[in-house]
Structure formats: C-alpha cells, structure tokens
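Please read this short report alongside the sequence and the 3D view.

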Amino acid sequence: MPAVSIITVCLNEKATIARTLDSILSQTNRDFELIVIDGGSDDGTVDIINKYLQNIEKFVSEKDNGIFHAQNKGANLAEGEYLLFLNAGDAICDSYLIKKFVEHKNKTDIISGDIVFERGGRLLYRRPSPDKITRRFMLLESLPHPASFIRRELLLRAGRYDMSKGTFADYDFFMKALFEMNATYSRLSHRAAIFNLDGISSGKDKSLKAKIMRENIQNEYLNSDLLMKYRTFNPIFDLLFKKIPHFYYRLRGI
C-alpha cells in the first residue's frame, strides 16, 4: 500500500496539466501512486497526459459530473493510506513534500500543510494551516484542500464528497469529519501546494445560493451560540480573525 494516492482531476487543461504532473513526479520520495481523472478533454490535454503514462498508475478519461464527482472516482480507485487532491493548474511547492509527509504521519486522519496562493504566474503569499482545529476557524475559513492529506478510510466512511453541496463539498466533508466523526488533525509545517487563483475552482461564489449553502453546512455542524454571535457581530469577527491575519500573511509573503 502506498503512503499516498495523489489524485489529479482535469478537463481541458492543456496549458497547465504538465506543470502539475511535473511537480508531482519531482518528489524525492516515491511512496505514492498517481491517479489522473480526466473529464473527457478535447483540447489536447489527453495527448500530454499520454506522455506521462509510464508514471501514472491509474488513468481515466470520460465525461463526469464535475470536480467532486471526478475526485470521488479517484478515491474509489485509490489504494493509498492517504489521499491528496491536486487538480490541474495547482502544483506541489517543492520536491520534498512527500518525504516530509511520510516522516510526519502518525495515524492522524487529516494532515494539512501550508498553501501558497498564485495569480498570473506570480506567487502572492503563504497561508499556514492552523496548529489545531477550532470551530471558530472552520466558521471563517476551511482547510486548504490541495494541501491536505486525508486518510482514505475516513473519506470513504464519510460517504465521499457530497455532490449536492456543490462547490462547498470539500468544506462539508471537513466539517463532517472534524465535528461529527471526530477525526483527528495535525499540521504539517511545510509549504505543501500552490493554489492557482486563475483557475475555475478558485473563483469565490458570492451568490445568495452559495451563501445559503455555506450557512446550511455551518448550521448542521457548528454550535448555535457561536453562529448567533458570529452572525450578530459578523464585521468584527471578519476583521479580527480573517482580514487582519490575511493582511499579515500578504505582508509576510511566502
């Protein structure tokens, strides 16, 4: 059993898929399997993937119902102890992530490294994952999906990603795992993944529907007193625990 199954989902990512795969295959520790789930690309993405096939353990190219449907497919195929979802366009920060992870892992259910944000080919800033999980943190933020190693057994036991939650399926999973299933968590103090803010999945959905979906997930898993305080004093919470820390991260850079 490999330590990690790295699952890369893509659809028409001819310009970005090689960068993602190169960052994975540059790892000094090869205790992982690479799974690529393509959504039926027709722009030449598959031609590029075919050049990497000797280093890809499992490859599927067929129509799917979106990112989380594809990620569930990958989870079903995976054999690793942990799963790492790194979509096309994103990249592992350096060649030592898997080495650091293997040295760190200690049966913890979710292990999150730090995320680095990028836009227009320029690295912007590093956001550290929390040293410990609190409900206040998960109310305001979420764990960085591309930088989080998830025990495969945990995701399967949770029923995989709930596609009815739309773009919040990863948020819903983390909330369910941490606060309903009592999953254990630890931080890997290492820059894990570069998240490309130019990608489709990075866009912040600010619609009323999205706001309601996020609030419904919070209502399901968080304490009602915390939610009441937050929704009453929303600007103060956001300023103290979100905007000021983000400003600090931007000043600090990577």
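## A pair within helix α6

Glu153 is partly exposed, at a relative accessible area of 41%. The model is a predicted one. Arg157 is partly exposed too, with a relative accessible area of 48%. The side chains of Glu153 and Arg157 form a salt bridge, 2.6 Å from N to O. Both residues belong to helix α6, which covers residues 152–157. They sit four residues apart, about one turn of the helix.

Side chains of opposite charge can pair when their charged atoms come close.

Which residue forms a salt bridge with Arg126? Asp114 does, and the closest N and O atoms are 2.7 Å apart.

Is Asp114 buried or exposed? Asp114 is buried: its relative accessible area is 0%, and the cut-off for buried is under 20%.

Leaving out residues up to four places away in sequence, Arg126 touches Asp114, Ile115 and Val116, among others. The list also includes Arg187, Ser189, His190 and Arg191. Tyr249, Arg252, Gly253 and Ile254 are on it as well.

Lys165 and Asp162 meet through their side chains in a salt bridge of 3.0 Å, N to O. Lys165 counts as buried, at 16% relative accessibility. Asp162 counts as partly exposed, at 30%.

Elsewhere, salt bridges with shared partners build one network. Its members are Glu81, Lys105, Lys107, Asp109 and Arg151. How many salt bridges does the structure hold? The total is 17.

## A nonpolar patch

The surface carries a nonpolar patch of about 550 Å². Phe233, Ile236, Leu239, Leu240, Phe241 and Ile244 make this patch.

Leu239 is one of these residues, and Leu239 lies in helix α10, residues 234–252. Leu239 is partly exposed, with a relative accessible area of 43%. A patch residue needs over 30% relative accessible area, so Leu239 passes that cut-off at 43%.

## The whole chain

The chain contains 10 helices and nine strands. Its radius of gyration is 18 Å, close to the 18 Å that the globule rule gives for 254 residues, so the chain is as compact as a globular protein of that length. Along the principal axes, the C-alpha atoms fill a box of roughly 55 × 35 × 35 Å.

What share of the 254 residues counts as buried? The figure is 52%. The chain exposes about 12300 Å². Carbon and sulfur atoms supply 51% of that area.

Contacts also reach across the sequence. Among contacts with a separation of 6 or more, 78% come from residues 24 or more positions apart.

Definitions and conventions
Residues numbered from 1 in each chain as written. Predicted model: local features only at pLDDT ≥ 70, side-chain atom pairs only at ≥ 80, totals over all residues. Heavy atoms only, no water. Patch = residues over 30% accessible without salt bridge, like charges linked within 9 Å, V, L, I, M, F, W, Y side chains within 5 Å. Areas by Shrake-Rupley, 256 points an atom, 1.4 Å probe, with all protein chains shown as cover. Salt bridge = Lys/Arg side-chain N within 4 Å of Asp/Glu carboxyl O. Helix = DSSP H or I, 4+ residues; strand = E, 2+ residues; numbered from the N terminus. Buried < 20%, exposed > 50% of the residue type's maximum accessible area, 1.4 Å probe, protein only. Contact = heavy atoms within 4.5 Å. Rg over C-alpha atoms; globule rule 2.2 N^0.38 Å.
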